Amino acid sequence: MLLALSVSQAVLYFVYGDRQAMIYENIVFLHLLLFVFWLGGDVGVFILGQQSRRSDVYSLTERMTILKILTMVDMAPRTCIALMVPVSLTVASAGGWWAVPAPMLWGGWFVGATLLVAAWTGFINHGSAKAAIAKKVDFWLQIAMAIFYGSVAVSSLTGNGPIADTWLAAKTMLYALIFVTAIMIDLSYRPIGPALQKLIADETNAEAEAFVLSIQNKTRKWVLTIYGLLFVIGYIGAVKPF
């Protein structure tokens with residue numbers, strides 16, 4: 001375990017240079033910054049989503065504009081969830097909380113970069129074949145991360161390591177659930193495109209309007225779940241109650 005930690009710190013030394021003493025403080029600051037932008041971005045997405053449901057206040061054109069803005073704001077939390085993968089592993093390693101093996105640490109940065117590229121590729125090339133591939137990559141990597149963090153958490157909580165501290169193991173489990181929830185958001189929201197096209201073709205179609213609203217309502221439940229998970233994760237990380 002000590003050897004693995006030493007290797008991880010050697011990797012961090014290679015990345016950050018000769019300021020080894022500042023690694024932990026700097027990476028914790030980055031971790032906190034990602035958390036703030038993630039939660040703040042999600043609040044913006046939620047507010048815009050709520051307004052996009054208001055057919056009694058906004059015209060369809062206005063609601064479509066709100067949804068476009070929502071998609072742009074949503075890139076903040078999507079960016080944060082991608083970068084949080086390598087940053088969380090680096091924080092755990094630099095702080096001595098988890099002896100992260102060097103290949104796993106480098107793998108975390110690779111996965112984070114891939115998630116980031118996939119998210120932005122899908123956003124920039126919306127509706128194209130390239131975007132479809134990027135979304136598949138993003139989807140399967142999120143499943144892989146849910147399994148990875150979930151496995152680490154279960155193993156640690158049952159006393160088999162690699163994380164000794166219960167608070168961090170519990171936080172890791174909640175982070176795994178974040179990925180599960182993000183997957184459910186994507187699955188719930190997938191039918192929105194065809195539903196909106198049907199509504200655009202006939203704005204007076206009450207059935208199409210009701211279907212769009214049902215999709216938004218299902219998605220909203222998962223969005224609220226993410227807020228709850230982030231709140232608890234933040235609390236556990238700050239207070240370390242157990």
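Helix 4 (residues 75-94) is largely enclosed by the rest of the structure, because 17 of its 20 residues are buried. The model is predicted. Helix 4 reaches 28 Å from its first C-alpha to its last, close to the 28 Å expected at 1.5 Å a residue. Even so, helix 4 has a kink of about 40° at M84. Just after helix 4, G96 takes a positive phi of about 75°.

**Salt bridges**

The whole structure holds four salt bridges. Three of them are set out here.

| Pair | N to O distance |
|---|---|
| D56 and R54 | 3.1 Å |
| E209 and R63 | 2.5 Å |
| R78 and D74 | 2.7 Å |

Which parts does the pair of E209 and R63 tie together? E209 lies in helix 9 and R63 in helix 3 (residues 60-73), so the link spans parts that are 146 residues apart in sequence. Both E209 and R63 are buried.

D56 is exposed, with a relative accessible area of 62%. R54 is partly exposed, at 33% relative accessibility.

R78 and D74 also meet side chain to side chain. R78 counts as partly exposed, at 27% relative accessibility. D74 is buried, with a relative accessible area of 15%. Salt bridges that share partners join D74, R78 and D186 into one network.

**Aromatic rings**

The count of aromatic pairs comes to nine. One of them is formed by F46 and Y227. This pair is edge-to-face, with 5.7 Å from centre to centre and 80° between the planes. F46 lies in helix 2 (residues 20-52) and Y227 in helix 9 (residues 206-239), so the pair ties together parts that are 181 residues apart in sequence. Is F46 buried or partly exposed? F46 is partly exposed, with a relative accessible area of 23%. Y227 counts as buried, at 15% relative accessibility.

Elsewhere, W98, F148, Y149, Y175 and F179 form one aromatic cluster. Y149 of that cluster is also touched by T172. T172 sits in helix 7 (residues 166-189). T172 counts as buried, at 7% relative accessibility. Leaving aside residues up to four places away in sequence, T172 also touches V152, A153 and I163.

**Charges over rings**

Two rings carry a charge over the face. R190 lies over the face of F139, at 5.0 Å from the ring centre. The charged end of K240 sits over the ring of W167, 4.7 Å from its centre.

Note on methods
Residues numbered from 1 in each chain as written. Predicted model: local features only at pLDDT ≥ 70, side-chain atom pairs only at ≥ 80, totals over all residues. Heavy atoms only, no water. Phe/Tyr/Trp six-rings, centres within 6.5 Å; stacked < 30°, edge-to-face > 60°. Helix = DSSP H or I, 4+ residues; strand = E, 2+ residues; numbered from the N terminus. Buried < 20%, exposed > 50% of the residue type's maximum accessible area, 1.4 Å probe, protein only. Lys NZ or Arg CZ within 6 Å of the ring centre and 35° of its normal. Expected span 1.5 Å × (residues − 1). Bend = angle between axes of the 7 residues up to and from the residue. Contact = heavy atoms within 4.5 Å.
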